[in-house]
Amino acid sequence: VWEVPDVGRISLDHFSNTVQALRWEANSFTTSPAAPYVQNLKGQIEELARRIPCAGGGSIPFSTQCIFWGWLEVRLMQECLEVLAKCGRRKTPEALMCLAEDFRSIHQAVEQHFRPQDGDSQISQDVNLLPPDHAFRQVVNWSYLDQFLEAHGYTGNEVSTWCRSHVEYPLRLHKALLDYSLGNNQKSFRQTLNDVEAVIATAISDEGGSLLHHF
């Protein structure tokens, strides 16, 4: 029976820094190199789900708990994005599939433990963390991660087009994606990165100061 070793409590920063440093250059994986760290993170998610309702002697309003859970879910999702970016060009297509499965496992743990079981207080799948017309409403959904992961399978030209049309992603993530797709052609990489940076600058100018904090 395969057992996952216990790596103890880890912070999200430690999780992403450790997972990105694993051997993602392989062309086949019997199990994910990140399995012990994913398992540990899922355990911490489960523990948080038990503790949050009891915080303050159970006096925290349920609506406040929902908002807290929602933003915690966003934080987990965005740390998965950081793992993808930090892995750089080392990750093979097989590694991307492996990472996708790891992220899906984390997402499922969040959905399982951060949703109440009683029928009287179901949390909407789309918790209203941001107003409907907010410029970055989509960055709080797991599709934000899914789209970025999917873009790693695009051709160089497709990635260039994708980056120009997705200004909701910070420049550092665009840079990581372009390096993964175009890194072997530094001239094309630098030109496309400059173009994307110009598009983002225009978007910030058009939208006003509300976008500045994101970049």
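Reader: Is Cys 80 buried or exposed?

Author: Cys 80 is buried, with a relative accessible area of 1%. Buried means under 20% relative accessible area, exposed means over 50%, and partly exposed lies in between, using a 1.4 Å probe and protein chains only. This is a predicted model, in which local features need pLDDT of at least 70 and side-chain atom pairs count only at pLDDT 80 or more, while totals for chains, interfaces and linings use all residues. Residues are numbered from 1 along each chain as its sequence is written, and side-chain values use heavy atoms, with hydrogens and water left out.

Reader: And Cys 163, buried or exposed?

Author: Cys 163 is buried, with a relative accessible area of 1%.

Reader: How many disulfides are there?

Author: A search of the whole structure finds zero disulfides, a disulfide being a pair of cysteine sulfur atoms within 2.5 Å.

Reader: Let us turn to the nonpolar core. How many residues does the largest one have?

Author: The largest nonpolar core has 54 residues, and Val 19 and Trp 24 are those with the most contacts inside it. Such a core is a set of buried Ala, Val, Leu, Ile, Met, Phe, Trp, Tyr and Cys residues joined through side-chain atoms within 4.5 Å. At least two residues of this core come from each of α1 (12–20), α2 (35–51), α4 (62–87), α5 (93–113), α6, α7, α8 and α9 (186–207). Helices (H or I, at least four residues) and strands (E, at least two) are DSSP runs, numbered from the N terminus.

Reader: Which residues is Val 19 in contact with?

Author: Leaving aside neighbours within four places in sequence, Val 19 is in contact with Trp 24, Ala 34, Tyr 37, Val 83 and Leu 99. Contact means heavy atoms within 4.5 Å.

Reader: Now the rings. How many aromatic pairs does the structure hold?

Author: The structure holds six aromatic pairs. Rings of Phe, Tyr and Trp (its six-membered ring) pair if their centres lie within 6.5 Å; planes under 30 degrees apart count as stacked, over 60 as edge-to-face and the rest as tilted. In the pair of Phe 62 and Trp 69, the ring centres are 6.1 Å apart and the planes are at 85°, so the pair is edge-to-face. Phe 62 is partly exposed at 32% relative accessibility, whereas Trp 69 is buried with a relative accessible area of 6%.

Reader: What about Tyr 144 and Tyr 169, and why is that pair called stacked?

Author: Their ring centres are 4.1 Å apart and their planes are at 10°, so Tyr 144 and Tyr 169 are stacked. Tyr 144 lies in helix α6 (residues 143–151) and Tyr 169 in the loop between α7 (156–164) and α8, so the pair ties together parts that are 25 residues apart in sequence. Both Tyr 144 and Tyr 169 are buried. Ring pairs also link Tyr 144, Phe 148, Trp 162 and Tyr 169 into a cluster.

Reader: What is helix α8 like, and which of its residues are buried?

Author: Helix α8 (residues 171–182) has twelve residues and reaches 15 Å from its first C-alpha to its last, close to the 16 Å expected at 1.5 Å a residue. The expected span is 1.5 Å times one less than the number of residues. Its buried residues are Leu 173, His 174, Ala 176, Leu 177, Leu 178, Tyr 180 and Leu 182.

Reader: Next, the charged residues. How many salt bridges are there?

Author: There are nine salt bridges, each being a side-chain nitrogen of Lys or Arg within 4 Å of a carboxyl oxygen of Asp or Glu.

Reader: Which of them involve α8?

Author: Among them is the salt bridge between Glu 82 and Arg 172 (2.7 Å, N to O). This pair links distant parts of the chain, with Glu 82 in helix α4 and Arg 172 in helix α8, 90 residues apart. Glu 82 counts as buried at 17% relative accessibility. Another salt bridge joins Asp 179 and Arg 89, whose closest N and O atoms are 3.4 Å apart. Asp 179 lies in helix α8 and Arg 89 in the loop between α4 and α5, so the pair ties together parts that are 90 residues apart in sequence.

Reader: And what does Asp 13 form a salt bridge with?

Author: Asp 13 forms a salt bridge with Arg 75, and the closest N and O atoms are 3.8 Å apart. Asp 13 lies in helix α1 and Arg 75 in helix α4, so the pair ties together parts that are 62 residues apart in sequence. Asp 13 is partly exposed at 44% relative accessibility, and Arg 75 is partly exposed at 34%.
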